[in-house]
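Student: I would like to learn how to read a few features of a model. Where do we start?

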Amino acid sequence: MRALSVVVVLPLLLTRLPVESIAVWYLLMTMVGMQMLADAGFAPTFARVVAYAMGGRTDLKDLRRTDTSATGTADWPTIERIWSTMHVIYARLAYFCVPIFALVGTLALIKPMRTLEQPGEGWLAWGVVIFTFAVVLRANAYGAYLQGVNQIALLRRWEAISGLLASFTTIVVLLSGGGLLALVLAHQGWMLLSALRDRALARHVESGRAARFSLVGSDARVLDAVWSSAIRSGVGVAMSRGVILSSGLVLAQVADAEAVAAYLLASRLVQMLMDLSNAPFYSKLPSLARLRAEGRERDMELLASRGMRL
């Protein structure tokens with residue numbers, strides 16, 4: 001899917017759109033990429049505590065300590081509490097982050113939008129991105145749950161299928177003469193469909209247990225277990241990928257459209273390589289957490305080593 005994006009979509013994008021539209025497109029995609037900052041590290045942390053609970057762990061207070069009382073079988077009451085807490089956290093994140101995201105993005109896009117032949121279409125495209133952000137942020141809870149119950153292979157298969165269809169849709173849009181707005185609608189439309197897909201998958205796996213979970217608000221013990229870890233993860237992401245992505249927004253305020261488009265294109269390619277290199281290790285994090293909960297330290301070391309070698 002990524003190969004198709006680079007080999008087919010990228011040349012079409014560079015030859016079918018004016019450089020000003022390419023610059024704004026990549027700025028919008030940069031804003032889409034910065035959505036992970038709003039997550040503040042909660043998704044991997046929630047996936048980890050779900051994986052611990054799948055290993056039978058009931059004490060989530062100090063995940064660095066081996067729980068000798070872990071049974072090795074899933075503790076579904078604890079997972080239900082995590083599920084309910086996840087939905088509360090992501091609802092609050094959406095209420096807090098979406099207005100900030102919209103304000104900061106709008107300020108960063110004012111200058112680049114003026115260079116477009118039809119700035120109105122550009123602003124409509126930005127509105128679509130904001131709406132999609134609000135939906136996708138809430139849906140991160142489903143992806144975290146799927147990873148936590150070790151349904152990563154299922155999730156990645158569906159992501160590959162959706163990504164392939166999204167690439168074909170983008171190709172059709174470009175070949176049919178679609179502009180920036182049509183391109184954004186196609187891209188964000190698949191993100192919305194992916195959010196709905198993750199919800200359906202989460203409610204289907206493990207004999208549909210999640211569909212029967214009750215949303216009873218946040219649980220203080222779960223919050224205590226995830227809060228500090230999530231914040232640390234969020235700061236780490238902000239200081240690495242967040243700095244790289246925000247540099248493109250800063251450049252857009254001082255450089256011309258050609259320089260911005262070239263920089264953002266190169267940055268996008270580097271990020272793709274980083275994601276590919278991280279995948280063999282990060283895809284095993286829920287399994288590592290489960291092995292940790294079960295006290296299988298040696299198996300955990302072997303699995304981590306294999307992922308890092310890959």
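Tutor: We start with burial: a residue counts as buried under 20% relative accessible area, as exposed over 50%, and as partly exposed in between. Note that this is a predicted model.

Student: Is Tyr145 buried or exposed?

Tutor: Tyr145 has 0% relative accessibility, so it counts as buried. Phe213 is also buried, because its relative accessible area is 13%. Ala211 has 36% and therefore counts as partly exposed.

Student: Where does Ala211 lie?

Tutor: Ala211 is in the loop between α9 and α10. From Ala211 to Ala144 the separation is 67 residues in sequence and 15 Å in space, taken C-alpha to C-alpha.

Student: How do I read a pair of aromatic rings?

Tutor: In general, such a pair is described by the distance of the centres and the angle of the planes. In this structure the count comes to ten aromatic pairs. One of them is formed by Tyr145 and Phe213, with 6.4 Å centre to centre and 90° between the planes. Planes over 60 degrees apart count as edge-to-face, and the pair of Tyr145 and Phe213 is edge-to-face.

Student: Which parts does the pair of Tyr145 and Phe213 tie together?

Tutor: Tyr145 belongs to helix α6 (residues 119-148), while Phe213 sits in the loop between α9 (205-208) and α10 (220-254), so the pair ties together parts 68 residues apart in sequence. Both rings also belong to a cluster in which ring pairs link Trp76, Trp83, Tyr142, Tyr145 and Phe213.

Student: How do I read two packed helices?

Tutor: They are described by the angle between their axes and the distance between the axes. Take helix α2 (residues 19-33) and helix α5 (residues 76-114): their axes come within 11 Å and cross at roughly 165°. That makes α2 roughly antiparallel to α5, because angles over 145 degrees count as roughly antiparallel. The crossing of α2 past α5 is right-handed.

Student: Which residues make the contact of α2 with α5?

Tutor: On α2 they are Val24, Leu27, Leu28 and Met31; on α5 they are Phe101, Gly105, Leu109, Pro112 and Met113. Eight of these contact residues are nonpolar, one is polar and none is charged.

Student: What is Gln188 in contact with, leaving aside its neighbours within four places in sequence?

Tutor: Gln188 is in contact with Met29, Val32, Val128, Val129 and Thr132. Gln188 itself is found in helix α8 (residues 180-202), and its relative accessible area is 1%, so Gln188 is buried.

Technical notes. Residues numbered from 1 in each chain as written. Predicted model: local features only at pLDDT ≥ 70, side-chain atom pairs only at ≥ 80, totals over all residues. Heavy atoms only, no water. Axes fitted to C-alpha atoms, helices over the stretch in contact; angles between N-to-C directions. Helix = DSSP H or I, 4+ residues; strand = E, 2+ residues; numbered from the N terminus. Parallel < 35°, antiparallel > 145°, perpendicular 65-115°, else oblique. Left-handed = near helix turned anticlockwise from the far one by under 90°. Contact = heavy atoms within 4.5 Å. Nonpolar A, V, L, I, M, F, W, Y, C, P; charged D, E, K, R; others polar. Phe/Tyr/Trp six-rings, centres within 6.5 Å; stacked < 30°, edge-to-face > 60°. Buried < 20%, exposed > 50% of the residue type's maximum accessible area, 1.4 Å probe, protein only.
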